[in-house]
Amino acid sequence: MTGNFDKPLTERMHSDGSVVDLQAYEQAGGYQAIRKVLRTGMTPMEVTEEVKNSNLRGRGGAGFQTGLKWSFVPRGKDIPNPTYLIVNADEMEPGTFKDRLLMERDPHQLIEGAMVAGFAIEADIGYIFLRGEYTLAAERLARAIAEAYEHHYLGENVFGSGYSLELHLHISGGRYICGDETGLLNALEGKRANPRSKPPFPPSVGLFGKPTVVNNVETICCVPHIINRGAEWFKGLGRTRDGGTKLFGASGKVKRPGLWELPMGTTVREILEEYAGGMRDGVKFRGLLPGGASTDFLVEEHLDLPMDFSSLDKAGSRMGTGTMIVLDDQTCPVGMTWNLTHFFAQESCGFCTPCWSGLGWAERILKSMEEGHGQPGDLDKLAFQTKMWAPGHTYCALAPGAAEPVQSALKYFHDDFERHISEHRCPWR
Amino acid sequence: MATVFVDDRPYEMNAEQNLLHGCLSQGFKLPYFCWHPALGSVGACRQCAVKQYKDEHDAHGRIVMACMTPASEGARISIADPEVVAFRAGIIEGLMLNHPHDCPVCDEGGECHLQDMTVMTGHDYRRYEFDKRTFRNQNLGPLVNHEMNRCIQCYRCVRYYRDYAGGEDLNAFASRDRVFFGRHEDGVLENEFSGNLVEICPTGVFTDKTLKHHYVRKWDQQFAPSICVHCALGCNTDAGERYGSLRRIVNRYNHEVNGYFLCDRGRFGYEFVNSDKRFRQPVLRGQPTSVAAAHRYLEETIAKGRVIGIGSPRASLESNFALRSLVGADQFYSGLADQEAKLIRQMLEILRRSPVRTPTLREIEECDAVFILGEDLTNVAPRMALAVRQSVRQQPMETVKKLKIPLWLDFGVRDAMQDAKGPLYIVAPYRTRLDDVATATFHAAPDDVARLGFAVAHALDSTAPAVAGFDDSTLAGEIAGALKAAKKPLVISGTSCANEAVIRAAANVAKAANAALSFIALECNTVGAALIGESPLSAAFQAVRDGYADTVIILENDLYRRALHAEVDSMLSAAPHVIVLDHLPNRTTEKAELVLPAGTFAESDGTFVSSEGRAQRFFQIFTPQNDVSASWCWLKPDRWRDLDDVLAAMSAEFPELAAVREAAPSASFRIAGAKVPRSPHRESGRTAVLVNINVSEPKPPEDPDSPLSFSMEGTPDQPPAALIPFFWSPSWNSIQAVNTYQKEIGGPLRGGDAGVPLFEPAALNGQPYFSAIPPAFRPRGGEWLLVPMYHIFGSDELSLAAPGIAQLSPKPHVAVNSSDFAEGMEVEVTCAAGMFRLPVRIYPEIPPGVAALSAGLPSLAGIVLPAWGKIERAR
């Protein structure tokens, strides 16, 4: 299914799944953004302004204004040295596989994005922090980085401009919490990957205590196109206020699970019905998590909402990573919630009490419910725990994220939970 | 200061601090776990949640962690808001999910911060119905017990052990609700300050293993404020007793001295008090005798005349003074070995002329450049090493301040600071345990340590004498530059090198850099003994050899540890009468005609002068049910009725010691007519122990010497700092009750900290530069310069009688750098003291011609160092 709109992120990708190499990338207009920046004498602040004007918001899930984040980096002569750019490629959100596509299929787009972003924040050193299980991406990124070094696109004095960027690929040891912006920094420093306290924020105190920007893969991949074609063009790609295109995905019992680059603000229904082909025959739609496991369930009444950062907030959910997990009527919502809570409990770093303690408790309650041992009062305990995990109550965003599927499942599938308790069994088993 | 509204009432709080600090300082019962005044905030436990409001119109507010929120001007918070009360209850419920129901058999029970906080929060009903997680515990050595099932994952242990104390072998492993705090495998905790885990841990994960062997609840112990006897720093302690045996030592907070922490030798060395070998009655010619007979013998012998007294650096000022008064000033000898006495005299002379007061340990923490000459602090004055470890954070802290990160925000500060460290230079004959944080280390023979010091002074001030033929001016220049650039430079030296030039070099550097100067002595009252008696041991030996004396009274001093055995032997056999007062049998008591059972710190009152020059009082913890008595009680004339009389006589005789009387309130001190109770309030059947014999309670022993009572009866109020036997206040049963004794958390105790400094700074620096610079050290063919190597566990005489410390003591050895020997090889060390067979340790950093010999270990006692000697492969 193809729409009549620009797809800057995916348009160069080969349909056979092979990688776009340096030559192919350049032939398709690649490495023009960095050339433009360096040859037309754009200043770092001008690049930052352009990205700010494009209204590019972080594609990792939180949706923070990218240009604004860059503007927090201290600049000038007397700043701590070096400055780091980190590409967060630790894609571990359940149901999410968008960054994987970008890295496996068009790694030079990411490298060029990192170069432009690095220039904008005056970075000296860049790291791509990659999820350990992404072995194909690791292989293809490593080769692409080597190609870029061979052609002197990376390293000292890029295009004779005086700008230098050292870019490294770091493969994570593998925990969900390493994908947290500051957990990542600790992991990269070789420390226990507990998140850090904020403030101080990474732009002032980041990797090894130096100014650091951490951006998601998809965010970085948007950057060269903004430079090439302008902030206004980028804003115009979206159907709503949040500009650009977005990689949307769907998994679950839909006809065509997959990933599509679509205008920001495409409705949930379009993605579910037109692109994913609707539910498989014989199963009915019950709800979906719009953007990975740590977003609230949406149900039938929400399907006509546009997928963007602001619209879903109003419905009490979040766009998150934009890759939906679809729940059908043949799958137990309690079992699904248990599965997700098990994941979050397992991935808690063990630092703050509501998270390490509460998630483990909630996981056990859901498991016992699913196994037919649910007790009256369990739902109150679960509801109480989700309040303990509210933003600000915990140290980082893991537990607030974990609260979202649980609190919304309790809201939309309350009867199913009650049946588990009253019937002393899972009705789906 | 900032005005902060708590539940709509204004309170003044320190604007440089967080809300938890402010609320606790104001006396609010706001529960917390992960925060500690010495460790700062990290926001792990989420227990100290409060509601914060934008302004007075904000009705909703939001929950914030008090420890992570600055106490900013006009901040409005609520502790009592129902939503935040429920949140805190939810946190404690979460913390208690896996906590065992073992309070009745847990060592922490009754003084557990987790118990206190649970009661404070109001969690009293268990809703969790699943299995608790369990762990396998580790054997962490003889001092600290490990019981991981009790853990609430507050991270305090690793933050203290790693970040504060510099330990590496304790860590957080695994994740989620199964974080394990321990070592990578069973084994003795390597850090010399591991015992503080017992107080840092808010519950019973880390407990005092020595207490476990003779366990008693806090509320059943009788305590008294005490001073550590195991080095010269004078850390303040509280010691607990029951049934005539000492059960444990806990930290007694003194803002200026030890703060919240002790070293392991100080915490666990106390068991010598309970030794089976103790003298518990007088022994006359090998036979136990009565107190009356002992006194009669003492009087008769003294009446015959010609008596000399040998004092002791490990006996109190009062005991030394009582002996001096008994034998006469001219017949009194300080008991210090000659070289040590000379060094201490030199140190005192410098300190008396110094324009700056010797820094306290707290002030040392605040110094921003430190130069150590010839000392391995961790093994000699351990608590000072911990203070110096904090000082290296001062200079990087300036960067943190520029970034506007609040200094209490511990992780923020550490993320910004990373591995940056301020200047710390260590010059010593061999490696020290602070090398890991040192900017640079330099290993040299004592004379060369001194030469580098003199060169640094010259680099700082060209009028200070130059060092002829000195060829390492780069390092000297670097050290001089660091000291010059610092706001609070500090020079540390002491007697470890047994070299006068080292001490003089330190004085030159301090003068040239206008730096604070800290001298380390070896024993708990070395400075005090030197103030009371000038004449060293050899003069006493001479007096006996010359036939001047026929009776020698030796006070708490094993002379065989201080002088060549042959010299001691000849003196003791030449003296017809030898009277010894001591705690434990040793070679000197073996030679005594009469041994009097001298009270240890636990059975005595008295005063020690620390190497800072601070006079500090310790109080009797219990009345022994035997003949043991403070040495000064054995020796005092009848006209001195009590401790205050001794102090009065002493200050009349020694104007410099007049201030010693101010070290603690006198015996007549009362609070609203009441004494200060040594025992916590009645909380158990303690007083019913004897009712099967007699229902009327026995009268508690009188204490004429202090304002403390041997009882739970007395004032309910908080006593002055010098009289605090234990920290307790309503709702605060753990040692964290100390919060309620401070005006501001982490600050001085209410009414001022204990102890008085004896040496007031001189108006001007009257100390001219020392100009006698020793020539460079030249190795001698066939002979080695033997220098002392101190061991935190082993070199101290008394703590070595504590089983846990003895277990950790290294075997005596000699450290060299020579290809003639291999690690572990058996050698014969021959010097004036005799021949000793020892294993060799290879220390590549030791300069050629120098060998370091274990100091103070029993089999090597009596080797007077430094000395020249031969080292040969054992045949």
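This report describes a predicted model with chains A and B.

## Ground rules

Residues are numbered from 1 along each chain as its sequence is written, while chains are lettered from A and ligands numbered from 1 in the order in which they are written. Because the model is predicted, local features need pLDDT of at least 70 and side-chain atom pairs count only at pLDDT 80 or more, whereas totals for chains, interfaces and linings use all residues.

## Chain A overall

Chain A holds 17 helices and eight strands. Both are DSSP runs numbered from the N terminus: helices are H or I with at least four residues, strands are E with at least two. The radius of gyration of chain A is 22 Å, close to the 22 Å that the globule rule gives for 429 residues, so chain A is as compact as a globular protein of that length. That radius is taken over C-alpha atoms, and the rule is 2.2 Å times the number of residues to the power 0.38. Along the principal axes, the C-alpha atoms of chain A fill a box of roughly 75 × 45 × 35 Å.

Of the 429 residues in chain A, 57% count as buried. Buried means that 20 or more other C-beta atoms lie within 10 Å of the residue's own; exposed means 12 or fewer, and partly exposed lies in between, with C-beta atoms placed from the backbone. Among contacts in chain A between residues at least 6 apart in sequence, 71% join residues at least 24 apart. A contact needs C-beta atoms, placed from the backbone, within 7 Å.

## Domains of chain A

Chain A is divided into domain 1 (22–237), domain 2 (245–328) and domain 3 (333–422). These bounds come from an automatic or database domain assignment. The centres of domain 2 and domain 3 of chain A, taken over C-alpha atoms, are 22 Å apart. Across this boundary, 10 residues of domain 2 of chain A are in contact with 12 residues of domain 3 of chain A. Strand β7(A) gives the largest share of the domain 2 side, three residues. By class, that side has five nonpolar, three polar and two charged residues. Nonpolar covers Ala, Val, Leu, Ile, Met, Phe, Trp, Tyr, Cys and Pro; charged covers Asp, Glu, Lys and Arg; the others, Gly among them, are polar.

## Helix α13 of chain A

Helix α13 (residues 333–347) of chain A has 15 residues. From first C-alpha to last it reaches 21 Å, close to the 21 Å expected at 1.5 Å a residue. The expected span is 1.5 Å times one less than the number of residues. Its buried residues include A:Trp338, A:Leu340 and A:Phe344. The buried residues of α13(A) pack against β7 (285–289), β8 (323–328), α14 (353–370), α16 (398–412) and α17 (414–422) of chain A.

## Chain B overall

Chain B has 25 helices and 35 strands. The radius of gyration of chain B is 28 Å, close to the 29 Å that the globule rule gives for 875 residues, so chain B is as compact as a globular protein of that length. The C-alpha atoms of chain B fill a box of roughly 90 × 75 × 55 Å, taken along the principal axes. Buried residues make up 59% of chain B.

## Where the chains meet

The contact takes 33 residues from chain B and 30 residues from chain A. On the chain B side, β4 (62–65), α2 (82–96) and α15 (410–417) each supply at least two residues. That side divides into 20 nonpolar, seven polar and six charged residues.

Conventions: Two residues are in contact if their C-beta atoms, placed from the backbone, lie within 7 Å.
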